[in-house]
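Colleague: Hi! Could you walk me through some of the helix packing here?
Modeller: Happy to, let's look together.

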Amino acid sequence: MKNVLDYFDNHGLTPRTPQTIALNIIEKEWNNYDYFILDLSTGCGKTHVALAVAEAVKNSYILTSTIQLQEQYQKMSASLVNLKGRSNYTCAVNNMFSVDAAPCNIEKSLAAECKSLNRCPYYNKKQEAVNARTMATNYMFFMYSTHCGFATHYEAQFVQREAVIMDEAHNLESHLISFAETKINIDELVKK
């Protein structure tokens with residue numbers, strides 16, 4: 001990790017005292033711990049703390065619970081690539097559909113054509129995010145990618161990064177439960 005407080009100089013900002021304290025501890029202890037949990041007060045500038053860490057390491061993921069937070073990060077960092085869910089991108093073949101409901105989901109030859117022409121806005125953004133130094137996305141995409149595999153129609157591959165920054169981590173438990181939820185059908189159990 002390089003000097004984490006350089007982020008503020010590079011962006012013409014002055015760090016607040018809680019930001020300086022938190023970032024100095026993280027930088028000092030970076031090689032001694034695998035995890036850091038920050039509980040910082042509202043309004044102290046947690047987004048800048050996260051971006052300072054992201055810029056001080058080789059590469060990182062920033063996970064959020066909402067598109068609003070992803071967009072906040074995107075506005076504050078030109079080097080960050082914000083990957084939203086497929087429903088947030090319009091199909092390039094038929095603009096009446098979002099990518100999650102696009103014709104290529106049924107007609108796989110369309111998916112191959114879009115891939116060869118690099119025209120799908122979602123998969124192009126996905127590839128851009130994979131290649132970016134810092135990628136912002138949602139918890140569910142990250143969990144799905146790490147557990148079930150990143151590549152789908154396209155060849156973008158999930159890569160391990162030096163830091164995973166979990167914004168609004170108090171929501172992590174509900175995200176994990178939603179991701180790993182198992183529903184048991186009592187009727188099926190009785191039949192066996």
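**Helix packing and a loop residue**

Modeller: The axes of helix α3 (residues 46-56) and helix α4 (residues 67-76) come within 11 Å and cross at roughly 60°. Axes are lines fitted to C-alpha atoms, for helices over the stretch in contact, with angles from 0 to 180 degrees between N-to-C directions. This is a predicted model, where local features need pLDDT of at least 70 and side-chain atom pairs count only at pLDDT 80 or more, while totals for chains, interfaces and linings use all residues. Residues are numbered from 1 along each chain as its sequence is written, and side-chain values use heavy atoms, leaving out hydrogens and water.

Colleague: Which residues make the contact of α3 and α4?
Modeller: From α3 there are Thr47, His48, Ala50 and Leu51, and from α4 Gln72, Tyr73 and Met76. Contact means heavy atoms within 4.5 Å.

Colleague: And at what angle do α2 and α3 pack?
Modeller: Helix α2 (residues 17-29) packs on α3 at about 30°, with the axes 10 Å apart. That makes α2 roughly parallel to α3, a term for angles under 35 degrees.

Colleague: Who touches whom there?
Modeller: Gln19, Leu23 and Ile26 of α2 meet His48, Val49, Ala52 and Val53 of α3.

Colleague: New topic: is Asn59 buried or exposed?
Modeller: Asn59 counts as buried because its relative accessibility is 16%; buried means under 20% relative accessible area (1.4 Å probe, protein chains only).

Colleague: Where is Asn59 found, and what does Asn59 touch?
Modeller: Asn59 is in the loop between α3 and β1 (60-64). Not counting residues up to four places away in sequence, Asn59 touches Arg133, Gln160, Arg161, Glu162 and Ala163.

Conventions
Helices (H or I, at least four residues) and strands (E, at least two) are DSSP runs, numbered from the N terminus. Buried means under 20% relative accessible area, exposed over 50%, partly exposed in between (1.4 Å probe, protein chains only). Angles under 35 degrees count as roughly parallel, over 145 as roughly antiparallel, 65 to 115 as roughly perpendicular and the rest as oblique.
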